[in-house]
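Please read this briefing alongside the sequence and the model.

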Amino acid sequence: MTYTPGETAERSGFSLDTLRYYERIGLLDSVERNAGGQRVFNDDDLAWLGILRCLRDTGMPIAMMLRYAELARGGEATFRERAELLEEHDREIESKIAALRDEQVRIREKIEWYRANVHIAASVDVGWA
């Protein structure tokens, strides 16, 4: 099945500008074109865009995404390197999640403080946020 750029943008969640950018920098490789020169995407392209979406949404830098794309073009010979790259990214994600959990504890403590002191706020200025 093939998709227009607009359909691909809708299905992938990427904007048309992002699709063009990803193609220009090499994250999207060999996007076919129809007789009129318009890009035509297929199911493999959508699957690849799904991977790129995951990597982007989890904070992988573009340079690292480009390295992953380069390795993916290398076929089975690069499986080990791709796994290592994704393991490195997974460790970064884990670190970010841990830091967010620590901050979430602080936020929840503040929420509890406000809920416990809501009656005071109605009559007295507490003096700190």
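Predicted model: local features only at pLDDT ≥ 70, side-chain atom pairs only at ≥ 80, totals over all residues.

Residues are numbered from 1 along each chain as its sequence is written, and side-chain values use heavy atoms, with hydrogens and water left out. Helices (H or I, at least four residues) and strands (E, at least two) are DSSP runs, numbered from the N terminus.

**Packing of α3 with α4**

- Helix α3 (residues 43–57) and helix α4 (residues 62–72) have axes that come within 11 Å and cross at roughly 150 degrees.
- That makes α3 roughly antiparallel to α4 (angles under 35 degrees count as roughly parallel, over 145 as roughly antiparallel, 65 to 115 as roughly perpendicular and the rest as oblique).
- Axes are lines fitted to C-alpha atoms, for helices over the stretch in contact, and angles run from 0 to 180 degrees between N-to-C directions.
- The crossing of α3 past α4 is right-handed, meaning that the near helix is turned clockwise from the far one by less than a right angle.
- On the α3 side the contact is made by W48, I51, L52, L55 and R56, and on the α4 side by M65, Y68, A69 and A72, where contact means heavy atoms within 4.5 Å.
- The residues of this contact of α3 with α4 divide into 8 nonpolar, no polar and 1 charged (Ala, Val, Leu, Ile, Met, Phe, Trp, Tyr, Cys and Pro count as nonpolar, Asp, Glu, Lys and Arg as charged, and the others, Gly among them, as polar).

**Packing of α2 with α4**

- Helix α2 (residues 16–25) packs with α4 at an angle of about 60 degrees, the axes being 11 Å apart.
- α2 and α4 are therefore oblique to each other.
- α2 also passes α4 in a right-handed crossing.
- Y21, Y22 and I25 of α2 meet I62, M65 and L66 of α4.
- The contact of α2 with α4 has 6 nonpolar residues, no polar and no charged.

- T18, L19 and Y22 are the buried residues of α2 (buried means under 20% relative accessible area, exposed over 50%, partly exposed in between, with a 1.4 Å probe and protein chains only).
- These residues lie on the same side of α2, because they cover an arc of only 100 degrees around the axis; the arc is that of the directions from the helix axis to the C-beta atoms.
- Their cover includes α1 (5–12), β3 (39–42), α3 and α4.
- The face of α2 turned away from its buried side carries the exposed residues D17 and R24.
- α2 is followed by G26, which has a positive phi near 100 degrees.
- In α4 the buried residues are M64, M65, Y68, A69 and L71.
- The buried residues of α4 fall within an arc of 160 degrees seen down the axis, so they line one face of the helix.
- They pack against α2, α3 and α5 (79–116).

- R39 is found in strand β3 and counts as buried at 8% relative accessibility.
- Leaving aside neighbours within four places in sequence, R39 has contacts that include L19, R20 and E23.
- G59 is in the loop between α3 and α4 and is partly exposed, with a relative accessible area of 34%.
- Not counting residues up to four places away in sequence, G59 touches H89 and K96.
- G59 and E92 are 33 residues apart in sequence, and their C-alpha atoms are 8.8 Å apart.
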